[in-house]
Amino acid sequence: MQISSIIRRAVAGVAAASMLVAVAACGTSKDNKTAGGEGGGTIEVVASINQWGSVAKDLGGSHVDVTNIMTKTNVEAHDYEPTSQDVAKFGTAKVAVVNGADYDPWASKAASATKATLVTAAETAGIKEGDNPHVWFSAKVRNNTADAITAAYQKADPSHKDDYAKLNKEWHAKEDQLESKIKDASAKTKDVPYAGTESVAWYLADDLGMKDATPTGYAQASANESEPTPSDIKAFQDALKGGSIKMLVFNTQEANSTTDQITGAAKSANVPIVELTEQMPKEYTNLLDWMSALVDQFAKA
């Protein structure tokens with residue numbers, strides 16, 4: 001991402017807070033149907049991105065009504081600019097789930113200006129602004145966020161506390177299965193040097209025991225949200241051709257002329273490419289199923 005991306009995200013965050021003030025008074029009793037889970041109603045939940053929304057749904061079952069804001073894989077997630085309708089959804093929610101680590105600052109600002117119980121995934125594992133924000137790829141963050149969401153539900157709807165505890169146990173059983181699969185896959189992936197066009201899957205690769213061999217100059221440019229220099233790109237291409245990189249991870253959601261050069265070099269050198277996106281693809285309705293499919297891709301590459 002370029003510096004203009006940072007500016008757009010900052011503007012989006014300010015705009016979100018401003019729009020929330022403008023729409024806060026527009027809520028009706030219909031909009032607030034899920035307040036506190038009282039009267040037999042459901043808890044209204046809003047999630048900034050669909051992968052966390054899927055977790056929120058799994059943990060709430062029939063007791064929650066979850067709305068996802070970002071769902072498309074053809075939009076650069078970091079540059080998303082919310083509409084007034086998006087922001088209004090935070091104003092009527094009882095529980096809000098955001099990613100954090102400056103990935104969705106507009107959502108964090110919108111949620112913090114409401115009475116909704118806020119769950120920030122990155123913060124559950126001490127991950128802060130400036131760290132890798134793609135935290136849904138981390139087993140630790142998934143586990144911590146699930147427990148934080150369950151706690152939020154039990155606070156909002158104590159009459160169904162036991163139901164939420166049961167759903168939490170069921171979710172963790174599935175996460176345990178995923179982590180067992182990751183452990184098994186790591187027998188093949190451990191210490192395998194890989195590189196990424198962006199650090200999107202770093203946490204998953206780390207859980208798989210892989211080594212990040214992305215050339216330093218390119219990696220630093222990506223981390224600083226700036227364009228890599230021609231020499232950075234050439235170093236990446238040379239590393240692929242030289243065989244020091246055994247797998248390339250390509251974020252198709254942020255494809256551009258630079259990534260075209262990198263993937264082209266990988267194909268020429270017969271380096272396996274794992275393609276993925278930041279937002280959960282529409283063929284998946286569950287974060288854990290998506291992660292499981294990605295583990296298969298890494299193991300087969």
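**Figure 1. The chain holds eleven helices and eight strands.** Both kinds of element are DSSP runs numbered from the N terminus, with H or I over at least four residues for helices and E over at least two for strands. This is a predicted model, in which local features need pLDDT of at least 70 and side-chain atom pairs count only at pLDDT 80 or more, while totals for chains, interfaces and linings use all residues. Residues are numbered from 1 along each chain as its sequence is written, and side-chain values use heavy atoms, with hydrogens and water left out. Of the 301 residues in the chain, 51% are buried (under 20% relative accessible area, 1.4 Å probe, protein chains only). Among contacts (heavy atoms within 4.5 Å) with a separation of 6 or more, 66% join residues 24 or more positions apart.

**Figure 2. Four parallel strands make an open sheet in the order 2-1-3-4.** Strands pair here if DSSP finds at least two bridges between them. At the edges sit strand 2 (64-70) and strand 4 (117-120), each pairing on one side only. From one strand to the next, the twist averages 20 degrees. Strand 1 (residues 43-49) runs parallel to strand 2 and is joined to strand 2 by six bridges. Look for Ile43, whose bridge partner in strand 2 is Val64.

**Figure 3. Helix 2 (residues 50-60) packs against helix 6 (residues 161-189) at about 125 degrees, with the axes 7 Å apart.** The axes are lines fitted to C-alpha atoms over the stretch in contact, and angles run from 0 to 180 degrees between N-to-C directions. Helix 2 brings Val55, Asp58, Leu59 and Gly60 to the contact, and helix 6 brings Tyr164, Leu167, Asn168 and Trp171. By class, these residues are five nonpolar, two polar and one charged (nonpolar: Ala, Val, Leu, Ile, Met, Phe, Trp, Tyr, Cys and Pro; charged: Asp, Glu, Lys and Arg; polar: the others, Gly among them).

**Figure 4. The largest nonpolar core has 67 residues.** Such a core is a set of buried Ala, Val, Leu, Ile, Met, Phe, Trp, Tyr and Cys residues joined through side-chain atoms within 4.5 Å. Trp52, Phe90, Val97, Trp136, Phe137, Tyr153 and Phe298 touch the most other members. Helix 11 (residues 287-300) gives the most to this core, with eight residues. Leaving aside neighbours within four places in sequence, Tyr153 contacts Ile43, Val45, Ala56, Leu59, Gly60, Val64, Val95 and Tyr164. A second, separate core of twelve residues includes Ile233, Phe236, Leu248 and Ile262.

Methods:
Buried < 20%, exposed > 50% of the residue type's maximum accessible area, 1.4 Å probe, protein only.
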